[in-house]
Amino acid sequence: MFNKFNLIEANTVDEFWDILSPQKTLGDKPSQFIYRGQRDASWHLIPSILRKNSPSKIIFGQREMTADEQIFSERAILEQFVKQCDLLGLKIVNDSVELRENLDPRTYPADKYYINPSEWPNEELIELMALAQHHGVPTHLLDWSKRSYVAAYFAASTALAKHDIKENNTKIAVWALDVEKIRSYKNINIIKVPGSTSSNLAAQSGLFTVLKQPIGRGQPSPQKPLEDEFASFPNTPLWKITLPVKYTAKVLDLCELYGVSASTLFSGFDGAAKAVKDWINKCRYLNLHEKSE
């Protein structure tokens, strides 16, 4: 059993920012990193739809689901997304008769994904998943960015939104994965979709990972985090950079200074509204912090 990831614990904002600098290199060259920000460093690398409090359980109740039931629920969620887009007259990426058939519940029992869940997700649905994910719909995809400071923004912004930072001793985390060194890991797929799929995706330099898990129909739904895949080989390509959560307001300030903010990462009124929320959360934290000193 080897280390799943390399851990760097930054103690100051400047140290954290310097480690994430595009001019710096984690590990040995050649390397090409992608990044993911999380508001709690103790969280695993697993899509929300596969976690214990998964939105999928709304369909089957709170009991543990089998792998084929998990796929059924994920496709049902995507089908609902498409239905709502149709009602609003919104164009679906790569829309076709084949895509609609892939989302038809009547085809589930006979297709290869339902019979062999280890083949999921369906490649024909990947771009639709990406579109849905970047508008807040949970999918099997795990979000990453090619830009380290974008990941830092998401870690800090989501942490500030929790409102309990002053009493919280947790840390935020930015995960960094060297995609140049994961060819030995056959179960991990890097998913890149065209920027035209979503304006948010393009602005965030977004891409995704999918962890294929060998599992059969009727077996418990998979909940293996991505980092566990790296425990079998030395020289893990995964890094985790942490920072005490109390510094998140300063991280947001630096992000904005470098042109990374909600208004640049989200399109239209959504971006403007989220930028205002970030400002409110930062003001709330700073006011609480000043009163406690």
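**Ground rules.** I worked with a predicted model, where local features need pLDDT of at least 70, side-chain atom pairs count only at pLDDT 80 or more, and totals for chains, interfaces and linings use all residues. Residues are numbered from 1 along each chain as its sequence is written, and side-chain values use heavy atoms, with hydrogens and water left out.

**Helix α3 and helix α6.** I looked up α3 (residues 67-88) and α6 (residues 126-133); helices are DSSP runs of H or I with at least four residues, and strands are runs of E with at least two, both numbered from the N terminus. Their axes, lines fitted to C-alpha atoms over the stretch in contact, come within 11 Å and cross at roughly 70°. I noted α3 and α6 as roughly perpendicular, a term for angles of 65 to 115 degrees between N-to-C directions, on a scale from 0 to 180. Leu78, Phe81 and Val82 of α3 make the contact with Leu128, Met129, Leu131 and Ala132 of α6 (heavy atoms within 4.5 Å).

**Salt bridges.** I counted a side-chain nitrogen of Lys or Arg within 4 Å of a carboxyl oxygen of Asp or Glu, and the count came to 11. One of them joins Asp68 to Arg217, with the closest N and O atoms 3.9 Å apart. Asp68 lies in α3 and Arg217 in the loop between β6 (206-211) and β7 (238-244), 149 residues apart.

**Accessibility.** Asp68 is buried, because its relative accessibility is 6%, whereas Arg217, at 46%, is partly exposed. I used under 20% relative accessible area for buried, over 50% for exposed, and partly exposed in between (1.4 Å probe, protein chains only).

Notes: Angles under 35 degrees count as roughly parallel, over 145 as roughly antiparallel, 65 to 115 as roughly perpendicular and the rest as oblique.
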